[in-house]
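Me: I am new to this protein and would like to go through it step by step. Could we begin with a single residue and then widen the view?
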Amino acid sequence: MNELTIRELQSRDEIVEAYPIMKQLRTHLDEVTYLELVCEAQEKDRYQLFALQSDGEIVAVIGFKPMITLYYGRFIWICDLVTDTTKRSSGYGKKLLTYVHKWAKDNGYESVALSSGLQRTDAHRFYEEKMKYDKVSYVFKKSLG
């Protein structure tokens, strides 16, 4: 039947349930660190994690947080978006991003922004061509370790 549902993941068990999918994007995280970071971000940084399920199975996840900056104003920052590698090109990423766009509008936010690794050319094509995102900047990072 392929029933699609989107639900927020809040309990520790729900968050862990999404780990196998998130691990495909965040390969550097073990399950314990992933759980600690999600819980801390939810508690301190308004991070929200949603799963798209197909017939009860998680096929994609998105994590985002509301922010305010002088450059973007009130906006939503997409921290994480990943579809199971075996289920890509099925419209799941579009469905989750569209869900966040509606959530943002309903909650008074003006835009949605994200960054994407330089090597992720398929993702860039998806954001620009399918989702009509504009490429507006580069992201720079300096490790302090």
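Me: Is D134 buried or exposed?
Reply: This is a predicted model, and in it D134 counts as exposed, with a relative accessibility of 66%. The cut-off for that class is over 50%.

Me: Where does D134 lie in the chain?
Reply: D134 belongs to the segment after α5. Its C-alpha atom is 9.3 Å from that of A113, a residue 21 positions away along the chain.

Me: And K132, what is its phi?
Reply: The phi of K132 is near 60°, which is a positive value in a residue other than glycine. K132 is placed in the segment after α5, the helix that spans 121-130.

Me: Is K132 buried or exposed?
Reply: K132 counts as exposed, because its relative accessibility is 63%.

Me: Let us move to D55. Where is it found?
Reply: D55 sits in the loop that joins β2 (48-54) to β3 (57-69). Its phi is positive, about 50°, although D55 is not a glycine. At 48% relative accessibility, D55 counts as partly exposed.

Me: Changing topic: how many helices and strands does the protein have?
Reply: There are 5 helices and 5 strands. In sequence order they form the pattern β-α-α-α-β-β-β-α-β-α. The radius of gyration is 15 Å, close to the 15 Å that the globule rule gives for 145 residues, so the protein is as compact as a globular protein of that length.

Me: What box do the C-alpha atoms fill?
Reply: Taken along the principal axes, the box is roughly 40 × 35 × 35 Å.

Me: What share of the contacts comes from residues 24 or more positions apart?
Reply: Such pairs account for 57% of the contacts with a separation of 6 or more.

Me: And what percentage of the residues is buried?
Reply: Of the 145 residues, 37% are buried. The protein exposes about 9400 Å², and carbon and sulfur atoms supply 51% of that area.

Me: What about the charges, how many are positive and how many negative?
Reply: The protein has 21 positive and 21 negative charges.

Me: One more topic, then. How many disulfides does the structure hold?
Reply: The structure holds 0 disulfides. C39 is in none, and the nearest cysteine sulfur to its own is that of C79, 15 Å away.

Me: Which accessibility class does C79 fall into?
Reply: C79 counts as partly exposed, because its relative accessibility is 22%. The buried class requires a value under 20%.

Technical notes. Residues are numbered from 1 along each chain as its sequence is written. This is a predicted model: local features need pLDDT of at least 70, side-chain atom pairs count only at pLDDT 80 or more; totals for chains, interfaces and linings use all residues. Side-chain values use heavy atoms; hydrogens and water are left out. Helices (H or I, at least four residues) and strands (E, at least two) are DSSP runs, numbered from the N terminus. The radius of gyration is taken over C-alpha atoms; the globule rule is 2.2 Å times the number of residues to the power 0.38. Buried means under 20% relative accessible area, exposed over 50%, partly exposed in between (1.4 Å probe, protein chains only). Contact means heavy atoms within 4.5 Å. Accessible areas come from the Shrake-Rupley method with a 1.4 Å probe; for residues, only the protein chains shown count as cover. Lys and Arg count as positive and Asp and Glu as negative; His and the chain ends are not counted. The place of a charge is taken as NZ of Lys, CZ of Arg, CG of Asp or CD of Glu. A disulfide is a pair of cysteine sulfur atoms within 2.5 Å.
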